[in-house]
Every structure is written in C-alpha cells, then in structure tokens.
Amino acid sequence: NTVLSGGTTMFKAVVSTQSTGKEEKEFEQIKSYKFRARPPPVSSYQGSSSTGVPKKKSRKVTKAKTPMALKRKAVSRSAVSKAKNKGQANNAIKRLKALPLPDLKKVFEVTKAEMKLTQPEPFSFETKYAKPNEVKEKLLKETTEKEKKAREFKARPLYETEGFKVDHNLSKTSTKIVPFNISKPDAYHDKLKKLDQTIEKENIELQKKREFKAQYPYVIFEEPFVPQKDSRYCKIEEFNLHSEKRGEERKKFDEELEEQRVMLEREKEHDDKVKEAREAKEVAELRKKMVHRANKIGEFKKQEYQEIS
C-alpha cells in the first residue's frame with residue numbers, strides 16, 4: 001500500500017503488486033494469438049444457380065411497328081374524302097320542292113273520335129294456353145340462340161389504309177461538314193465607321209453647347225420693379241401660437257399641484273402635533289393613576305473578611 005499526497009489535500013491509492021496465475025496465462029495467450037481468415041464458400045466461385053454472379057439472360061429483339069396514331073390519321077383522311085364526295089353527290093341530286101297551296105274553300109270541321117269500349121268475355125287457361133309445353137320450348141330455343149350469338153367472336157373491321165404509305169426507314173439524315181464563311185466580311189468595318197460618325201456628331205453638339213452667347217440686356221432699359229400691396233388677398237392679423245397657450249396652461253397646472261402639496265404637508269404637520277399632545281396627556285393620566293411599588297432588595301452572600309497579619 002502506498003500513500004500519495006498533493007498540495008493541501010491528501011488521498012490514498014492502493015496498488016496491488018500481487019498478480020494471479022490466471023492473468024499471466026491470459027496475457028501470454030493474447031501475445032501468441034494470430035489472425036486466421038475463414039475460407040470462402042465453394043458455391044460463390046463455382047457458379048451455381050442459387051449463389052454467385054447470375055448468368056446474363058438474352059432478350060428478344062423488338063420489331064418495329066407502325067404507331068396507331070399514323071393509322072388513325074390515315075383512316076380519318078380517307079373518311080373525310082369519302083364524306084366530301086358523298087356531299088357533292090347529294091347536292092347534285094337534291095332539288096327544292098315547294099308545298100302545294102291549301103284549299104281555302106274547304107272549312108275545317110272538328111270530328112269526334114270514336115271510343116272503343118271493352119267487352120267482357122269468359123276467361124279460361126285452356127283457350128289461352130292450349131299447349132304450354134310447346135310455348136316453353138320456343139322460349140328456351142330463343143334464349144339459347146341469343147346466348148350463342150353473344151358468345152360468338154366478332155372482330156373489329158380493319159382500318160382503311162388506301163392512299164397512305166408508311167416509311168419503315170425512319171432514319172434521320174446526318175449533318176454535312178461545310179467550311180465556315182462569313183456572309184459579309186466588311187460588316188465589321190461598316191459598324192466601326194458608323195460608330196466614328198456618331199461620336200463626331202456628339203462632340204460637335206457638345207462644343208456648340210459649351211460656346212457662350214451673351215443675351216441683349218433688356219433689363220437696363222426697363223423700369224425697376226416696385227412691389228405693391230394688394231388688400232384683396234393679404235390681410236395682416238394678429239395670431240397666437242399654440243405653444244404659448246400650452247405653456248400658460250401648464251404653468252397654471254403646476255401652481256395648482258404645488259398648492260395641493262403645501263396643503264397636504266400642513267395638514268400632516270397639524271395631525272402630528274395633535275397626536276403628540278394627545279399621547280402626552282394619556283401618559284400623564286396613566287402616571288397619576290399608577291401606585292408606586294418599590295422593588296425588593298436582592299439577597300447577596302455574606303463575605304468574610306480575613307485579617308491580615
């Protein structure tokens with residue numbers, strides 16, 4: 001055991017010097033340990049179906065087909081052309097037919113409709129359904145025939161492709177390499193000339209503006225200006241500033257506050273004097289009423305004096 005001290009504080013640390021046999025063995029095993037990698041699985045490099053890299057699957061080659069939009073356009077064009085031809089034929093055949101004039105001599109007469117009345121007759125199933133089995137068989141046959149017709153496959157009619165051809169070779173033409181040539185080689189020089197001309201014009205205008213040109217002194221020969229008062233528009237009147245009015249009101253307000261403060265102080269002083277006089281009276285009355293009682297003398301230990309020889 002060792003004791004460690006540092007500065008003002010003291011603390012103890014117990015160090016164990018005895019080492020057990022198990023710890024030494026573990027330390028030796030750690031030193032002699034060597035890393036050994038595990039072998040990879042055989043299925044990873046043999047190329048089995050379940051593991052490893054899968055084999056590449058071959059896909060079918062896609063065949064080019066004409067899109068449905070082109071077919072629909074071809075059908076719509078053929079239908080429009082047929083409709084135009086039919087319309088021209090009908091216009092050629094149609095003729096206007098006027099209605100005949102009515103006979104004005106004849107007078108319209110209202111005729112009463114004949115009402116048919118129901119006549120009662122005796123009812124019997126034998127007369128109505130003479131052979132019920134035959135009627136049932138007919139109904140069954142009709143239903144079976146309808147079902148068969150509904151089950152039959154009916155293909156839709158093909159689109160009419162008359163007057164329409166599809167280009168199967170839908171390949172774009174490649175760009176051709178052509179030498180680069182400027183269309184106007186003197187365009188750059190023309191722009192420079194125009195710029196120089198505009199700059200010269202601006203300089204000339206600026207020089208003209210800078211030139212001083214004195215004007216004729218008309219003011220010397222004219223009469224001097226004399227201002228005149230006009231009573232119609234301007235009238236001199238006294239005015240009061242709002243700030244002065246506010247200052248007077250504030251002064252009055254401050255004086256009133258000062259008077260209130262002085263009054264409160266005087267009332268307080270008077271109340272204090274009255275309170276002191278009342279308390280003094282009460283104390284004097286209490287002293288008159290009270291009976292004087294002397295305190296007892298305390299008992300002390302007797303001291304013995306020794307004679308000095």
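This note goes through the structure point by point, from the overall fold to salt bridges and surface patches.

1. The structure is a predicted model, in which local features need pLDDT of at least 70 and side-chain atom pairs count only at pLDDT 80 or more, while totals for chains, interfaces and linings use all residues. Residues are numbered from 1 along each chain as its sequence is written, and side-chain values use heavy atoms, with hydrogens and water left out.

2. The protein chain contains seven helices and two strands, where helices (H or I, at least four residues) and strands (E, at least two) are DSSP runs numbered from the N terminus. Followed along the sequence, these elements come in the pattern β-β-α-α-α-α-α-α-α.

3. Of the 309 residues in the protein chain, 1% count as buried; here buried means under 20% relative accessible area, exposed means over 50%, and partly exposed lies in between, with a 1.4 Å probe and protein chains only. The chain exposes about 36,800 Å², of which carbon and sulfur atoms supply 55%, the areas coming from the Shrake-Rupley method with a 1.4 Å probe, and for residues only the protein chains shown count as cover.

4. Helix 1 (residues 21-32) has 12 residues, and the distance from its first C-alpha to its last is 17 Å, close to the 16 Å expected at 1.5 Å a residue; the expected span is 1.5 Å times one less than the number of residues. Because the number of buried residues among the 12 of helix 1 is zero, this helix lies largely in the open.

5. Helix 5 gives a similar reading in its own terms, since its 20 residues should span 28 Å at 1.5 Å a residue and its end C-alpha atoms are 29 Å apart, which agrees.

6. How many salt bridges does a search of the whole structure find? The search finds four, a salt bridge being a side-chain nitrogen of Lys or Arg within 4 Å of a carboxyl oxygen of Asp or Glu. One of them joins the side chains of Glu 147 and Arg 151 at 3.9 Å, N to O, and both residues lie in helix 5 (residues 132-151), four residues apart, about one turn of the helix. Glu 147 is partly exposed at 44% relative accessible area, whereas Arg 151 counts as exposed at 67%.

7. In general, an α-helix has 3.6 residues a turn, so residues three or four places apart point the same way. Asp 254 and Arg 250, which are four residues apart in helix 7 (residues 242-289), are separated by about one helical turn, and they form a salt bridge whose closest N and O atoms are 3.8 Å apart. Asp 254 counts as partly exposed, at 37% relative accessibility.

8. Helix 7 also holds Arg 261 and Glu 265, four residues apart, about one turn of the helix, and the closest N and O atoms of their salt bridge are 2.8 Å apart. Both count as partly exposed, Arg 261 at 40% relative accessibility and Glu 265 at 41%. Salt bridges that share partners join Glu 258, Arg 261 and Glu 265 into one network.

9. Tyr 188, Leu 192, Leu 195 and Ile 199 make a nonpolar surface patch of about 400 Å². Patches consist of residues with over 30% relative accessible area and no salt bridge, with like charges joined within 9 Å and nonpolar side chains (Val, Leu, Ile, Met, Phe, Trp, Tyr) within 5 Å. Leu 195 has its place in helix 6 (residues 187-210) and is partly exposed, at 48% relative accessible area.

10. A negative surface patch is formed by Glu 267, Glu 269, Asp 271, Asp 272, Glu 276, Glu 279, Glu 282 and Glu 285. For charges, Lys and Arg count as positive and Asp and Glu as negative, with His and the chain ends not counted. Asp 272 is found in helix 7 and is partly exposed, with a relative accessible area of 39%.

Definitions and conventions:
The place of a charge is taken as NZ of Lys, CZ of Arg, CG of Asp or CD of Glu.
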